[in-house]
Amino acid sequence: MSMSEPPQDIHVYADSLAAMSRALAARDEHAFRSALSAFDAVRDAEVLTGVRRVTVELQSALQRFEIDARLIDLAHHQVPDARRRLEHVLRLTNDAAHRTMDLVDQCGPLAQRIEQGAERLVAGGASASALGQFRTQVAECLGGIRSRLGDVRLAQSYQDLTGQIVRGVMSLVDELERALIELASIVDGKDAAARREQTMGRGRGPVVPGVSHGEVVSGQQDVDALLSDLGM
Amino acid sequence: MSVQRSLNFLVVDDYSTMRRIVKNLLNELGYANVTEADDGATALPLLRSGSFDFLITDWNMPGMPGLELLKQVRADERLAKLPVLMLTAEAKREQIVEAAQAGVNGYVIKPFTAATLKEKIDKILSSQAAAA
């Protein structure tokens, strides 16, 4: 608030000033003093209002400073940190998917070797030694497949790690949201929930329950029905 | 059928795991010639310089998204008739309508099954053959 700002309603002084000048003209000291106290009361009330306003502004400035400090910490440290965490999640999921596919790819030839062994056994007549050899081969291949299945199971442990990291980032997003909402409500006195809709051309990614809005297809059958309505 | 199996496929997706899944499925269906690209911007020069018979593309990719790639393909005289299958997690009805209007030949929603992918490719190829 500027100190040179004129009082909003100077006419509130008019009544007591008029009473004072009437009392002066009539040389009535008692009436003059009572008009002067009325004048002082109006003035006191105005000063009080000003002080109250300055106090509120100071309070909101302090509050904003606190939120600013929190936001600065979030922006400088926590957000880059969260980005690195999410990059790590991407890496972990990518590695686990490739590891799983590598293992599955390796099982194909092992199964094929059993199949070929069985065919050879049938074609060559099942002699005792050939049977023994086939049995060893089957045990070997199945052992290989079994151990790879075990590794596939192990590769799924990424879910535990990524889950923990994602949950950490979620709590950061919560905190960021709270700080921004508080800041917005200090600035304009109401909550600023205006969210920019992503442009459709970019694509929006998979449907996330509770997040995605608008009309969404429920699966491939729905897509097919829609396309056939469009004449495809 | 043997002619079809020699078709050249271009698979465009920003996730290497998804490209690998689609490529493996195509290989299992007997399509051995599969090239990969990670977004529309890298796919387009490949399409223009190569001789591809089929394009399978994701929608949501950094750089050039799949819808823009589809539009560029349809706008290019030499590529205009290329069969394009959209393989995407984009599930809004308005998006599917937009892809159809842009000239997509098929739309498969992720997560998808091997059977769905085969069915849509077969359908597109047979309608191409009927039109030829």
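Predicted model: local features only at pLDDT ≥ 70, side-chain atom pairs only at ≥ 80, totals over all residues.

Visitor: What makes Arg20(B) and Asp105(A) a salt bridge?

Guide: Set the value against the rule. A salt bridge is a side-chain nitrogen of Lys or Arg within 4 Å of a carboxyl oxygen of Asp or Glu. The side chains of Arg20(B) and Asp105(A) meet at 3.0 Å, N to O. That is within 4 Å, so the pair is called a salt bridge.

Visitor: Why does this pair join two chains?

Guide: Arg20(B) lies in helix H2 of chain B, and Asp105(A) lies in helix H2 (residues 29-124) of chain A, so the pair joins two chains. Helices (H or I, at least four residues) and strands (E, at least two) are DSSP runs, numbered from the N terminus.

Visitor: Which other residue of chain A meets Arg20(B) in a salt bridge?

Guide: Asp102(A), at 2.7 Å, N to O. Across the interface of chain B and chain A the rule finds five salt bridges. Over all chains, the search finds 18.

Visitor: How many residues make the contact between the chains?

Guide: Contact means heavy atoms within 4.5 Å. Chain B gives 33 residues and chain A gives 29. Together the chains bury about 2600 Å², 56% of it on carbon and sulfur atoms. Buried area is the accessible area (1.4 Å probe) that two parts lose on being put together, summed over both. Arg20(B), Lys92(B) and Arg93(B) supply 27% of the area that chain B buries against chain A, more than any other three residues.

Visitor: Why are E1 and E2 of chain B called paired strands?

Guide: Two strands pair if DSSP finds at least two bridges between them. E1(B) (residues 8-12) and E2(B) (residues 33-37) have five bridges, so they pair, in the parallel sense. One bridge partner of Val12(B) is Ala37(B), in E2(B).

Visitor: What makes the crossover between them right-handed?

Guide: The term applies if, with the strands pointing away from the viewer, the path from the first strand over the helix to the second runs clockwise. Here the chain crosses from E1(B) through H2(B) to E2(B), and this β-α-β crossover is right-handed.

Visitor: Where is there a cis peptide bond?

Guide: Between Lys110(B) and Pro111(B), with omega about -5°. Pro111(B) lies in the loop between E5 and H6 of chain B.

Technical notes
Residues numbered from 1 in each chain as written. Chains lettered and ligands numbered in written order. Heavy atoms only, no water.
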